[in-house]
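Please look over the model below before reading the points.

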Amino acid sequence: ADDAYLAQCRVQGLYPLAYRPHNHHFLWASATMEGRSALAIEAARHMAAHVDSAMMREPGYGTLQHYWITPLYALTRFGRWDEILAALAPPEDLRYPTGVWHYARGVALTAKDRLDDAAQELEALEAIAADSTLETVTIWDINTTASLMRIAAEALAGELAARRGDHAEAVRRLEAATRLEDALNYDEPPPWHYPVRQSLGAVLLAANRAAEAEAVYREDLRRHPENGWSLLGLAQSLEAQGKADEAGAVRQRFDQAWAAADVTLNGSRF
């Protein structure tokens, strides 16, 4: 409807600049929660393709940088590691998108067991997260991109520690990322691209701390009701504790939540 409206009426101003990508941002977020990877990635790429590359560098329009880099968040969410590693680096003056690029590469390299390379991406990301200029690049003046990059650094550090088998450090870093995520000001869609509790729960399960994982997943489901990612994690945590009947009921809820998905999950994150 947006595309037809803009084509027929040749609307100028804030609507094509910000509202059309905002609507696609909702589509990306909703499809992501349903496990509809093709639709989520398509929506993210449509959003990025219609961003004004000059305007996103102007003061007060940092949100457009957020829209422009969302395809990397979408690819990260759905484990599209090779596509991430093939993505070109953003222009150097775009510090926030460059930070997201390092984050996505770090997650992809961690998943592919290239841990030394992932550590280099984390180092670059941490340097950007400490860059004070990101305090002025905001998502509609609601949250700063500096806040998002601090979450990214802790989340990547946690995933890297988990891959190295250091579950205690992984939990510590992911709990830190969760606290930072919880401290964000409310916005919709949420400014951080996925609930970090879904990574934290997976690491707790891997560390044989199923009861703690159960609590983490229940809290995420309180915040994001009936999302399939955490329903699967909750079922797995209940199964690990021998709560077969309760787990079976949660599995049924997961099947319903995941009915439209085009990906298969083995856990609460790829």
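1. Just after helix α4, G79 has a positive phi of about 65°. Helices (H or I, at least four residues) and strands (E, at least two) are DSSP runs, numbered from the N terminus.

2. This is a predicted model, in which local features need pLDDT of at least 70, side-chain atom pairs count only at pLDDT 80 or more, and totals for chains, interfaces and linings use all residues. Residues are numbered from 1 along each chain as its sequence is written, and side-chain values use heavy atoms, with hydrogens and water left out.

3. Helix α4 covers residues 62–77, and its end C-alpha atoms are 22 Å apart.

4. Where does α4 kink? A kink of about 45° lies at I69, shortly before the proline P71. The bend is the angle between axes fitted to the seven residues ending at a residue and the seven starting there.

5. In α4, 15 of the 16 residues are buried, so the helix is largely enclosed by the rest of the structure. Buried means under 20% relative accessible area, exposed over 50%, and partly exposed in between (1.4 Å probe, protein chains only). Across the chain, buried residues make up 54% of the 270 residues.

6. The chain as a whole holds 13 helices and 2 strands. Its C-alpha atoms fill a box of roughly 60 × 40 × 35 Å, taken along the principal axes.

Conventions
Expected span 1.5 Å × (residues − 1).
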